[in-house]
Amino acid sequence: IMDNLPAATRTLTEQPDGIALTTYERGYPLGFLGSPEFPGTFPSAPYVNNHLRLIIKYHQEPDLFQGSRIVGFEVEALSVAHRYEGEW
């Protein structure tokens with residue numbers, strides 16, 4: 001929750017007629033199950049996302065108020081492979 005607004009994950013799907021459709025799902029995925037669709041994963045093995053990218057949507061209207069108002073935000077869940085040298 002940011003500024004009392006729920007998080008949303010944007011999903012793009014292609015319709016049978018070729019038109020792209022944008023939909024939103026409340027929240028964000030914590031991870032996924034590996035499959036042949038995801039190269040480098042093992043089928044049915046669980047994978048956990050370790051990073052979130054926040055996309056903040058805001059509105060400015062200088063004639064009515066000073067600053068910005070948050071009107072929504074999207075969350076992109078992803079994983080980053082980190083490499084550490086030395087002891088952890």
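Let's start at Asn50, whose side chain makes a polar contact with the side chain of His51 at 2.8 Å (a polar contact is a pair of N or O atoms within 3.5 Å; within protein, one must be able to donate a hydrogen and the other to accept it, and residues adjacent in sequence count only if both atoms are side-chain atoms). Keep in mind that this is a predicted model, where local features need pLDDT of at least 70, side-chain atom pairs count only at pLDDT 80 or more, and totals for chains, interfaces and linings use all residues. Residues are numbered from 1 along each chain as its sequence is written, and side-chain values use heavy atoms, with hydrogens and water left out.

Asn50 lies in the loop between strand S4 (46-48) and strand S5 (51-59); strands are DSSP runs of E, at least two residues, numbered from the N terminus. With a relative accessible area of 41%, Asn50 is partly exposed, meaning between buried (under 20%) and exposed (over 50%), with a 1.4 Å probe and protein chains only.

Now for the rings. Rings of Phe, Tyr and Trp (its six-membered ring) pair if their centres lie within 6.5 Å; planes under 30 degrees apart count as stacked, over 60 as edge-to-face and the rest as tilted. That gives two aromatic pairs. Phe32 and Phe38 have ring centres 5.0 Å apart and planes at 55 degrees, so they are tilted. Phe32 and Tyr47 are stacked, because their planes are at 15 degrees, with centres 5.2 Å apart. This second pair links distant parts of the chain, Phe32 in strand S3 (residues 31-33) and Tyr47 in strand S4, 15 residues apart. Phe32, Phe38 and Tyr47 form one aromatic cluster.

Definitions and conventions. Helix = DSSP H or I, 4+ residues; strand = E, 2+ residues; numbered from the N terminus.
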